[in-house]
Amino acid sequence: MDNFKLQNDDVHQKELLIAAMRVAEEKTARLSAIIESSDDAIVSKDLNSIITSWNHSAERIFGYTEGEMIGQSILKLIPADRQDEEPMILNQLKQGLRVDHFETKRMTKQGKFIDVSLTISPVKDKAGNIIGLSKIARDITDKKLEEQRKNDFIAIVSHELKTPLTSIRSYIQLALNKVRDKEDAFCENVLTRAELQTRKMYTLINDFLNLSRLEEGKMSLNQSKFNLQELLDEIVEDGRVLAPLHRIEYHGAPEVMISADREKIGQVISNLLNNAVKYSSSGTVITVNCEIDKDEVLISIADQGFGISTEHQKRLFERFYRVSADQEKNISGFGIGLYLVSEILRLHCSEIKVESKPGEGSVFSFALKVDEEA
Ligand code: ADP
C-alpha cells in the first residue's frame with residue numbers, strides 16, 4: 001500500500017515538473033517573439049560589455065548580423081569620442097540604477113552616425129546579483145532631424161524679427177525725444193506705450209533665440225565682473241514702468257560684485273519678475289529681495305498671486321510646460337521662460353528654487369557666488 005502511494009507521488013511530482021517546464025518554455029517563446037518583433041534594438045551584454053544576445057532590429061539599425069556581434073564588445077558601436085560613456089553607464093548600473101532615455105550617438109557597420117535613445121537595465125539572478133545588462137536602443141535620427149529643422153526655423157524667424165524691431169524701437173525713441181521737447185502729453189504717452197511694447201517683444205524674441213541656441217548646445221556664457229545691485233536697480237525700475245498696477249517692493253543688498261554673464265542673469269531676473277506680474281492680480285505686492293549670506297548672494301522674487309500646486313511645481317522648468325489652470329487661460333505665453341531660467345542658472349552652477357501654495361503666491365529664488373576679489 002505504502003509503495004503504491006510513493007509511486008503515485010512520484011508520478012504526480014513528474015507531472016508537475018513537466019507542466020512547470022511547459023509554462024517556462026511558453027514564457028520564453030513569448031518573450032523571444034516580442035524581442036524579435038520589436039522595432040527597437042534589444043541587446044544583452046555581460047558585465048564586461050560583451051554582447052550575449054542581438055535581436056532582428058539591432059541588425060536592421062546597426063547593420064551587423066547576430067553572428068557578427070555575439071561575443072564582441074559593445075564598444076564596437078560607440079564612436080571614438082564617446083567611449084567613456086560605457087564605463088559611466090556600467091558604473092550607474094552596478095549601483096542598481098537604470099539608465100533611462102539616454103540620448104547619444106552610435107555608429108553603424110557602414111560607419112554612419114545615428115542618434116539613439118538608450119534604456120539600460122540590470123539583469124539580476126534569483127539572489128539579486130547583477131549578472132548582465134539589457135539594453136533597448138531606439139533610432140531617433142528622424143526625430144532629431146525634425147527638431148533640428150524646427151530649431152533652425154525658430155532661429156531664422158527670431159533673427160528676421162529682431163532686425164526691424166530694433167529699427168522701430170530706435171525710431172520711437174527718436175520721436176519720443178522730439179515730442180518731449182514740444183511738451184505734447186498725448187503723443188508722449190502713446191510713444192512711451194509703443195516703446196514698452198517693443199521692449200516686451202524684444203524680450204520674447206531673445207527668449208526664442210536663446211532657446212534655439214540651447215537646443216543646439218551653442219549657448220555660451222559671456223562672463224564679466226559686474227555690480228549685481230546696479231543690474232537689479234535697472235530691472236526693478238523697468239518692471240515698475242511695465243507693471244504700474246502692481247506694487248513692486250525692492251530690498252537690495254549693498255554693492256555686490258559677481259562674475260557671471262550680465263545679460264543672461266538679467267534675463268533670469270526679468271523673466272521671474274515678469275512672471276510674478278503675469279500670474280498675480282493688479283494691486284498685489286511683488287517683493288524683490290537680494291541679500292548676502294556668507295560667500296553667496298541670494299535673490300528672490302515673491303508674489304501674492306495664483307500660486308502653483310506641488311504637482312505642477314515638479315514640471316515647471318520643462319521646455320514648453322504651462323499650467324493649464326482656469327485663471328491662467330487668458331494669459332499668453334510659450335512655456336519657455338522658466339526652462340531658460342533653469343538652464344542659464346545651471347550654466348552658472350546655480351539652481352532655481354520654487355516655494356508656492358495655490359491661492360497664496362510663489363517665491364522663486366536662486367543663489368550666486370560673490371566675487372571674492374571685489
Ligand atoms: P509662460 O509664462 O510663457 O507660460 P514660463 O516658463 O515662464 O512660461 O512659466 C511656465 C508656467 O509656470 C506658466 O505657464 C505658469 O503657469 C507657471 N508660473 C510661472 N511663474 C509663475 C508665478 N510666479 N506664479 C504662478 N505660476 C507661475
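**Cysteines and sheets**

Mentor: Cys 187 counts as partly exposed because its relative accessibility is 29%; buried means under 20% relative accessible area, exposed over 50%, and partly exposed lies in between, with a 1.4 Å probe and protein chains only. This is a predicted model, where local features need pLDDT of at least 70, side-chain atom pairs count only at pLDDT 80 or more, and totals for chains, interfaces and linings use all residues. Residues are numbered from 1 along each chain as its sequence is written, and side-chain values use heavy atoms, with hydrogens and water left out.

Trainee: How many disulfides does a search of the whole structure find?

Mentor: The search finds zero disulfides, a disulfide being a pair of cysteine sulfur atoms within 2.5 Å.

Trainee: New topic. In what order do the five strands of the open sheet come?

Mentor: The order is 7-9-10-12-11, with mixed pairing. Strands (E, at least two residues) and helices (H or I, at least four) are DSSP runs, numbered from the N terminus; two strands pair if DSSP finds at least two bridges between them.

Trainee: Which are the edge strands?

Mentor: Strand 7 (247-251) and strand 11 (353-357), each of which pairs on one side only.

Trainee: How do strand 9 and strand 10 run?

Mentor: Strand 9 (residues 285-293) and strand 10 (residues 296-302) run antiparallel and are joined by seven bridges. Within that pair, Thr 287 is opposite Ala 302.

Trainee: What does Asn 289 touch?

Mentor: Asn 289 is in strand 9. Leaving out residues up to four places away in sequence, Asn 289 touches His 251, Leu 298, Ile 299 and Ser 300, where contact means heavy atoms within 4.5 Å.

Trainee: Back to hairpins. Which residue takes a positive phi in the hairpin of strand 3 and strand 4?

Mentor: Gly 111 does, with phi near 80°, and the hairpin has five residues between the strands. Strand 3 (residues 99-107) and strand 4 (residues 113-124) pair in the antiparallel sense over seven bridges. Thr 104 has Val 116 in strand 4 as its bridge partner.
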